[in-house]
Structure formats: structure tokens, C-alpha cells
Amino acid sequence: MIFEKIRRGASAVGGFPDIRRLALCCRTAQRTKVEMNGGLRAYAYAPYKYLIPFNNPTGFLYKAFALVIHSIWAYCNYPVISFKQGNSMLATNRQDEITLLNWQNEITSLQQSLNNEIKKISSHSEINIINHICINNLKSKLERLKEIEKILSIDKYKIVFIGTIGQGKTTAICHLFNLISDFQVSKNVGNKTKEVIETKELLSTGAGRTTICEVIIKAAKKTYIEIEPYSIDEMENIIFEFCESIANKNNPQAEQKIIISQEIERAIRNITEFTITSKTVYEGDKKKIYRTDIAKVIFEESGVDVLKKTALNNANLESRTFTTIEFDNQSQEQDWIKNTFAAINNVQLKKFAIPRRIYLYVSNDVLSGSNLSQFDSVVDTKGLDENPIRKDLQRYIDSQDTICLFVTPFAAAPEASITKLMGYHLTSKSKEFHHRFVTLVLPRKGEPEKVGGADGERDLGIQIRQEEVQASFKKLNLEFFQDNILFYDALRYYRDDIVKLHEYYEQEDVQSDKNEFIAAIADVVERRRNILLDEINNIRESFINIENGDALTAVEIQAIENAIQKIENLRDLGKRVPSFVYEDFIDKYLEYYRTTYKAWNTKHAIHRNFGYYEPRDIDIYYDAKVVAEGIDEDEMLKKFTREVKQELKNIILNEITSVNESLKTLIPDLEKEFYSLYDKFISQVGTEIQKELERQLSSQVEKSEFWEALLAEKGRRRKNGETFAGNVCEIFKQELEFETKLNQFLQSKTEYHWEQLVNKILGFFGEE
């Protein structure tokens, strides 16, 4: 009973502190890697606050207590296998440190002290500069403590895998979380077809596009699948696009060819019953295979309009109303998951619509030995294609309860699209994305050993590649933890000819790699928590210094006032950033649109949906935000405010700090406030552009001249030198410059929000 309480995280037991929290604290304190059982990697965690050298007269008692804590931790289903043996354990007297056991009390106490000090300073008859600085600094600390409290209160994190198409995301997820099983399959072995047993993933995997949408996997009491469907109108548009791709398949003009993704084509063929059949014909000794595409036959006989009508009749979209299907207990649970997920993903079930998102809930019977229940959920996002900076990924990247794993192949790490996506977000200094970002490198067999300088040693090859990835981030001026660059090879111990565990290895070798990876993810979380605990300590120490601070002299106050005047002089951005830098925005945005969505039919689908295309997570208004802000620090808003931003930062950090030694305790908070204000400034301007574009374009009625002109470009005869993309961009440009010139709008909003930024900094010093 007591262990069940501990396992479930019950409260204090028999007068002791909450044992599960105590175990968590101990596990956080020290991690040691050991070798045992012929090379099986294991992790050991020592509760340093409770241990002293084993040769101490009382060491046995402490060792016994440590082993109890270790056993409790292991029982709580965490990846702990053995204790590190040695002559001593680490002892420490850091009793003033905040631990995971007392951070809530510390935050509450600090908040009370900060509020009391604010009241005390505010009660002074005269509020001078230093009082304003102190009050605003203390308020800033209160806000930060609220944020820290929310983050430290996160019970379970979402683990989100983000990566390009076909690089092994789904395979890694399935193996890491036990979503695999053995199946009998036909296999060509030694030029003969044999029935063999292979280990297969329960989710659709393979070369190229396999999953049609984002998949969210959660541990549950029972197994079932739920979908978030596309609407009937959206599905009709997708079907029409497929039909037009059939009609344009043999079009000799490259820009008229319609490109349909593999997973969408597979789904549409299933719901419309437009299958491709094969027939083998023997002509003497020769064998010939004839393939018949029913959709192509209908088009050639009756035209595209009949093809569309037949497709809609066959699809019977109005009847596709089911959103949930539960395990029926009629087969093996793993078999049911594999078959049913494939049917949902390929839209083979007549009562189900095309899924926008699939939720897979998995029972403990399937998850035996898996670490999935440690996390809120595991998310397999749609693979990145032309545009890695997508709105659907933004919600995960911004969410404080999410660890983002950016998946990249070993040979190309870090892959260009991943670097572009991470770089866009890591330029935001205040959001501390690097605390939650992980680069997940997926090696294939033998790749680490072949790295230059590795001399055939796998671990050395991985270390060299890790350092190379970190160097790539540094070259781009991106802050990233090297310990957050992880490696995992799901098929490391499997044979090459048959996906089956190699005879040289055992299941515990496979499990050891999984444990190591899950422990590394746990370390990402703990590293983040420890940084926040240290920050609470720093806030407390800074508060004590403020509380004991001395008054400023007249000379020091004059120096601060001079610095404030310099800040005021930076308020008018128009005096520092010339108007012509904004003139390129529309052209840059349209070039981004032209090159990101290369296929003409993709552009046509966007026009048909007034700037959005859900099946590909395309939102041209969000794209305008990204372009306006700057994809990196060398583009648009981030580029042409970089110099004045640095000048403002230097005044705050250097000139004001040099005035008085005691002011140094206030500057770290002001620096964080500055980064936060600058990132907010960038985001606000980008959001204003997004909203203005939505106001101008998406709010227009279906019969608007603008959208009709774009749609009319499909199939229109063109003069020499004209192209579909060129004409479309010209129509866009005329519209964006007609009512409100978007370049001028960008300038006015940039200058306005910059002024607000400077005003807020001046407000820190009590200036209006």
C-alpha cells in the first residue's frame, strides 16, 4: 500500500516529506554513467544532500537510506538501473540552495517580501530615480517569479518531434515508446520468397510521405483512435485538386503541371475508389504488366467535370461522420493498432473523413516497459517541406510545457530546413527557446564510425559530430546547449536483411539505448528546472542587495540622467533608420511566396482558399509576419534595427552600470526586460503586418476582383515571357500597393512600436 502511494505520487508518508518528490530531488542531484553486465549502459542517481563518505562511522545508515530512495525512484518507473559503487559519495553543505522540495515555499516567501518592499519604497514622500528603478525592478522580479512558478509546476511535458519528410521521425517514435511488434511477412531472402518474422512499427512508416497529418500519442486506460476531420468543403477542394492533377498529368508546360503529395493522392484514391489496377499478360516468354488508372480512364472518356462529379459521388462525404474507433478485443491489440491506424491514415474506412489530426490513445497492455506515460503526449508533426517556418508548429514551439525535438539525419546534421526553423526562433533572446530545444540526430548503421577522426569508434564519432553541430549553431550566432544535441539509432541492433534483432545482441541492449535517450530527455527538463531554481536564488540575492542598497550621490544621479537623455534621443527611429530600407518588403514577401510554394497548383489552391491551404498548413498572412520580422538577424526588421538595438543595450548595460556599484544588481533584470521588450516589439510589428494583410485580402468576398484575377490565371493564354507565377505576383503587388502601401504601413508600425519600447524602458527609470 505504501509503495502504491509512493508510485502514484501521494503526499507525505508517515511524517516523512513527499517521498516521490524526495526521490525526484535525489535523482536530480547527481548522475553517473556506469558499465555493467558486459557493456549494458545504466544510470545511477545519488541523493547528495543525504549522503556522506561510506567510510564514515555512520555511512552505512546513510547508504541504506540512499538505497531505499534509489529503489523508490526505480519503482516510480524512471530509467534507473544501478548505483555507482566507489569509495565515497558526494557530500555537500549547500543547505541554502532551493530544491524541488521547497521552491513553492521560497517563491511565496519571496513574493511577499518583494510586495512589502514595493509598499515600503512607494510610501516615501518623494520618489526619486533610484526609487523608481528599485520599484520597477521589484515588479519585474514579481512577474518573472510568476513565470517560473508556472514552468516549475508543469507535471508532464509534451515531446514534439519536428523534422523533414522521410527522415525517420515516426520510426524513432515507435521504437522509443514500444509501438512495435513482431509480424509475419513475405520477404525476398536469397532470391527466394520466404515467410519470416519481422519487427514492424505500429504507425505507418517507410520512404517518403507516409502519415497524412500530425499524430498525437497518449497513454490511456484503453486503446482507441480519434480524429479531427477536415470539413466537407475542404475535402471537396482536395478532391478537385486531385482531379485537376489527373487532367494535367501529361501537360508539356512545366508550370501547368499539378503536384499532389503522395499521402493526399493515396487518401483521395481510397475515398473516391479511383484505384490503379495491374494486370499481368504473357506474350510468349515475355511478361508484361499493364496498369489501369480508373481516374485517367474516366477523364479521357468524359472530361474533368464528369471526373469531379464521379469522385464526389463515390466519396459520399456527407456520410463520413465518425471520429472515434475503439479496440474491439477481437484480435491482438498491436495488430489492431497497426491495421486500424493504417486504415485511418489512408482513409480506407468509409465512415471516416480525411483526418486533419489523429489522436492515438494506447493502453498499458501495449505500453508495457514504455516510458510514454512519463510524458503528457508524444507528437509526430507533419514533415517539413518547402516552408519549415509554419504556423502549426509555432504553438508547440511557444508552449512552455513542450520539449521540441528537431530531427535531422546524421550525415546532414544540422539539416538546412531545421537550421532555418530553429534559427528563426532562437534569435528571440528573451524566450529561452534553447532550454526546450533538442537537436535529435538519427544515425544509420555505421555512420558514426565513419566520421573523420573517429577511427571506427562509434562513441567518438558521435562526439565529433555533436561538436560539429554545436559549431554550426555558434557560427550562426545561435545559443544552444551542446548537451541538448542527442543521438538515437532505432535499428542499431537489427539485421540488415530482415528487421529482426541480430543474434549478437539481446533485448536489453535495445532497452538500454531507449533508457539512455529517455534519461537524456529527462535531463533536458531537469537542466531547465535547475536553471530556474538558480534564478530564484539570484532573485533572492538581488533583492537583498536592493534592500541594503545605498542612496545615490548627486553626481551619480546626474550620470543616470545623462544616460536617460541618450535613451530619449533613440526614441525616434526615423532619425536612425532611413525610409528606403522598408521599400523592399513587398518584393521580399512576394519572392518568398513565389519560391516557397513553387508548384502552380499549390498557389492556385491558396488563391481558391483566400490565402490559406490547410492540407499543407499554409497561411500566407503568417508568412508575411515571418518575412517582416526577418527569418534571421540579417533580414528585414531584425537587420535594420540591429544597430540601434545594440546602442540602446550598451547605454543600459554599460553607462548606467558604471555609475554606481550597487546598480549592478539591478542591471540583469533590466537586461532581461530589454530583451523581452525587443522581442515583443519584433512580434508586434510582424503581427500588425499579418492582421493588415488579412484585413486587405482574406476579408474580401468570394467575388472580389482580386481573387477572381488570381484564379483566372489558371490555364490563361500568356504572352511571350509571361509566367503564371510572375503574373500572380504582379497582381499581388498591385493589390498590396493600392489601398494601403504595405511598405509604408510597415514603416509606420515599426516606428510606433519602437517608440513604445523606448517609453517602457524610460518608464523603468520613472520617466513619462
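# Close-up views of a predicted chain

**Figure 1. An overview of the whole chain.** The chain has 26 helices and 17 strands, where helices (H or I, at least four residues) and strands (E, at least two) are DSSP runs numbered from the N terminus. This is a predicted model, in which local features need pLDDT of at least 70, side-chain atom pairs count only at pLDDT 80 or more, and totals for chains, interfaces and linings use all residues. Residues are numbered from 1 along each chain as its sequence is written, and side-chain values use heavy atoms, with hydrogens and water left out. Of the 768 residues of the chain, 51% count as buried; buried means under 20% relative accessible area, exposed over 50%, and partly exposed in between (1.4 Å probe, protein chains only). The accessible surface comes to about 36,700 Å², and carbon and sulfur atoms hold 47% of it. Accessible areas come from the Shrake-Rupley method with a 1.4 Å probe, and for residues only the protein chains shown count as cover. Among contacts (heavy atoms within 4.5 Å) with a separation of 6 or more, 75% join residues 24 or more positions apart.

**Figure 2. The largest nonpolar core, with a look at L648.** This core has 195 residues, and F161, F585 and L648 have the most contacts inside it. Helix α16 (residues 507-547) gives the most to the core, with 12 residues. A nonpolar core is a set of buried Ala, Val, Leu, Ile, Met, Phe, Trp, Tyr and Cys residues joined through side-chain atoms within 4.5 Å. Not counting residues up to four places away in sequence, L648 touches I567, L570, F674, W754, L757, V758 and I761.

Figure 3. Is E568 buried or partly exposed? Its relative accessibility is 21%, so E568 counts as partly exposed. Leaving aside neighbours within four places in sequence, E568 is in contact with L762 and E767. E568 and V758 are 190 residues apart in sequence, yet their C-alpha atoms are 7.3 Å apart in space.

**Figure 4. An open sheet of 9 strands.** Reading across the sheet, the order is β10-β7-β11-β6-β12-β3-β13-β14-β15, with mixed pairing. Strands β10 and β15 (485-487) stand at the edges, each with a single partner strand, so one side of each is left without a neighbour in the sheet. From one strand to the next, the twist averages 20 degrees; axes are lines fitted to C-alpha atoms, for helices over the stretch in contact, and angles run from 0 to 180 degrees between N-to-C directions. Within this view, strand β3 (residues 158-163) and strand β13 (residues 402-409) pair in the parallel sense over 6 bridges. Two strands pair if DSSP finds at least two bridges between them. V160 stands opposite C404 in β13.

**Figure 5. The hairpin of β8 and β9.** Strand β8 (residues 276-283) and strand β9 (residues 286-293) pair in the antiparallel sense over 8 bridges. S278 stands opposite R291 in β9. The hairpin has 2 residues between the strands, and G284 takes a positive phi near 70 degrees.

Figure 6. The side chains of E147 and R144 meet in a salt bridge (2.8 Å, N to O), a term for a side-chain nitrogen of Lys or Arg within 4 Å of a carboxyl oxygen of Asp or Glu. Both residues lie in helix α5 (residues 129-152), 3 residues apart, about one turn of the helix. E147 counts as partly exposed at 41% relative accessibility, whereas R144 counts as buried at 14%. A search of the whole structure finds 45 salt bridges.

**Figure 7. Salt bridges between distant parts of the chain.** R395 forms a salt bridge with E214, and the closest N and O atoms are 3.1 Å apart. The pair links helix α13 (residues 391-398), which holds R395, to strand β6 (residues 214-219), which holds E214, across 181 residues. R395 counts as partly exposed at 38% relative accessibility, while E214 is buried, with a relative accessible area of 3%. E214, E228, E234, R356, R357, R395 and E614 are linked in a network of salt bridges. E326 and K222 also meet through their side chains in a salt bridge (3.3 Å, N to O). Here E326 lies in strand β10 (residues 324-326) and K222 in the loop between β6 and β7 (224-229), 104 residues apart.
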